[in-house]
Amino acid sequence: MFQHGDTLVPTPITIKEKLRIARPGPDATREAVRRLSQGEVIGLPTETVYGLAADATDDRAVARIFDVKQRPTFNPLIVHVSDVEAAREIVDFSETALELAAAFWPGPLTLVLPRKTDSSVSLLASAGLDHLAVRAPDHDVVRDVLLAFGRPLAAPSANPSGRVSPTTAAHVADLPIDFVIDGGPCRVGIESTIVRVEADRVIILRSGAITADALEKVCDIEVCYEKPSSELPTAPGQLESHYAPGLPVRLNATTVAANDALLAFGPPLEGAGITLNLSPAGDLSEAAANLFAMLRRLDDPRYNTIAVMPVPETGLGTAINDRLGRAAAPRKQTR
Ligand code: TXA
Ligand code: MG
C-alpha cells in the first residue's frame, strides 16, 4: 500500500494493492534493475516528471509501456541514458548536438537525433521513425538505476495517455504497475524541452524546462519552433488534448464564480470555490513545478470548471501555456 504525505485528495486515484512505493537507496536500485531485467515496466522519478520506465532494448518491455499507458502506438518514446557516451551508442551526434548535451546534460533537454544503424534500441520506442529522442535525466534515483542497469531506458511520463503528468510517486498510482521509487516531488515539474537538431537549425518540437533563449545562448545556428503539421505524429502537438483533466478548463480567467476551481498566478481573483496558486509571487519556475499537481487537485467534480488566470508568455511561461492550452483543448482525440 502506498503512504505519501502529498496524497492529493479528493482527486480520484486508484490505489493498486500491489503497488510498492520504495524509498531510494541501494536496495531499491537493485530491485529496479531486477524488475527491468525481467522486462517489467516500473515508475522512476526524474527532475521533470515521473517516468514509466522499461528496458529500451527489449521490444516486449517497450510494448508493455504503451499497454500500461494506453498510449496511441504512433507516439514515440524518450530514451533515457546516463550520459553522452551512452547516448552515442544509440544515436549519431552532430557538433551542435554535442554542444547542447555538454551545456544541458544531465538535464531537461531531449535531443531528437538520427538512430545509429546498429542501435540496440527497440524500433517500437521510436515508433518506426529513423530518429530517436534521447536525454540524460538529472535525478540521482534514475541515474543510479541507469548506471546499475547499463542499458538505456524508454520512459514516457507516468500518466495514462491524455491525463496530466505525475510529479509525485503517489500520482503514479493511477497506472497498473507494481513498483515505483519515491524520489520526492519533481524539482522541475514540467517535461523536458524536445529539440530536433538539424544541420542548419535547432527545431523546438515541445517547449519545456529549457527555454528558447537558453538554447540560443549555446547554439551558433538558428533556433526555431516547428510549424504545426498534421501529417507526422512526431511531436505531442499533434495530440491537441494531451494534458487533460476531467473538468473543462477556461483559460485567461478575469472573473470567477463559486462553482469555479481557480488556478491562480500572482495576486488571486476573489470568489472561486477553491483557489490554488501556481506562484503568489509570479515566479514562473515555481509555477512550472506546481502546475500538474495543482491541476490534479483542482480536478474535483464538486466544481464545474477549472478557471486559469493568465500566465505571461515569457521564459518558462511558454511551456506552461502550451500545457494549459492542451488541458483546455477539445477532448475528442485522446479521450
Ligand atoms: O521530461 C520528460 O521528457 C519526461 C521524463 C519522464 O523524461 N518524459 C516525457 O515523455 O515527457 P513522453 O513520452 O510523455 O513525451 C515524449 C514526447 C512524445 O510525445 C513524442 O511526441 C516526442 O516526445 N518524441 C519522442 N520520440 C520522438 C522522435 N523520435 N521524434 C519526435 N518526437 C519524439
Ligand atoms: Mg507525457
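Two residues are taken to be in contact where their heavy atoms lie within 4.5 Å. In the predicted model, such contacts join helix 7 to helix 8: Leu284, Ala287, Ala288, Leu291 and Phe292 of helix 7 meet Gly317, Ile320, Arg323 and Leu324 of helix 8. Sorted by class, the residues of this contact comprise 7 nonpolar, 1 polar and 1 charged.

The geometry of the pair was also computed. Helix 7, which spans residues 284-298, packs against helix 8, residues 317-328, at an angle of about 25°, and the two axes are 9 Å apart. Helix 7 is therefore roughly parallel to helix 8, since angles under 35 degrees count as roughly parallel. The crossing of helix 7 with helix 8 is left-handed.

A sheet was also identified. In general, the strands of a sheet pair through backbone hydrogen bonds, in either a parallel or an antiparallel sense. Here the sheet is open and consists of 4 strands in the order 12-15-13-14, with parallel pairing. Strand 12 pairs with strand 15, residues 305-308, in the parallel sense over 2 bridges. The bridge partner of Val249 in strand 15 is Ile306.

Elsewhere in the chain, Leu205 belongs to strand 10, which covers residues 201-206. Leu205 has a relative accessible area of 10% and is therefore buried, the cut-off for this class being under 20%. Leu205 and Glu226 are 21 residues apart in sequence, while their C-alpha atoms are 5.7 Å apart in space.

Technical notes:
Residues numbered from 1 in each chain as written. Chains lettered and ligands numbered in written order. Predicted model: local features only at pLDDT ≥ 70, side-chain atom pairs only at ≥ 80, totals over all residues. Heavy atoms only, no water. Pairing = 2+ DSSP bridges. Axes fitted to C-alpha atoms, helices over the stretch in contact; angles between N-to-C directions. Parallel < 35°, antiparallel > 145°, perpendicular 65-115°, else oblique. Left-handed = near helix turned anticlockwise from the far one by under 90°. Nonpolar A, V, L, I, M, F, W, Y, C, P; charged D, E, K, R; others polar. Buried < 20%, exposed > 50% of the residue type's maximum accessible area, 1.4 Å probe, protein only.
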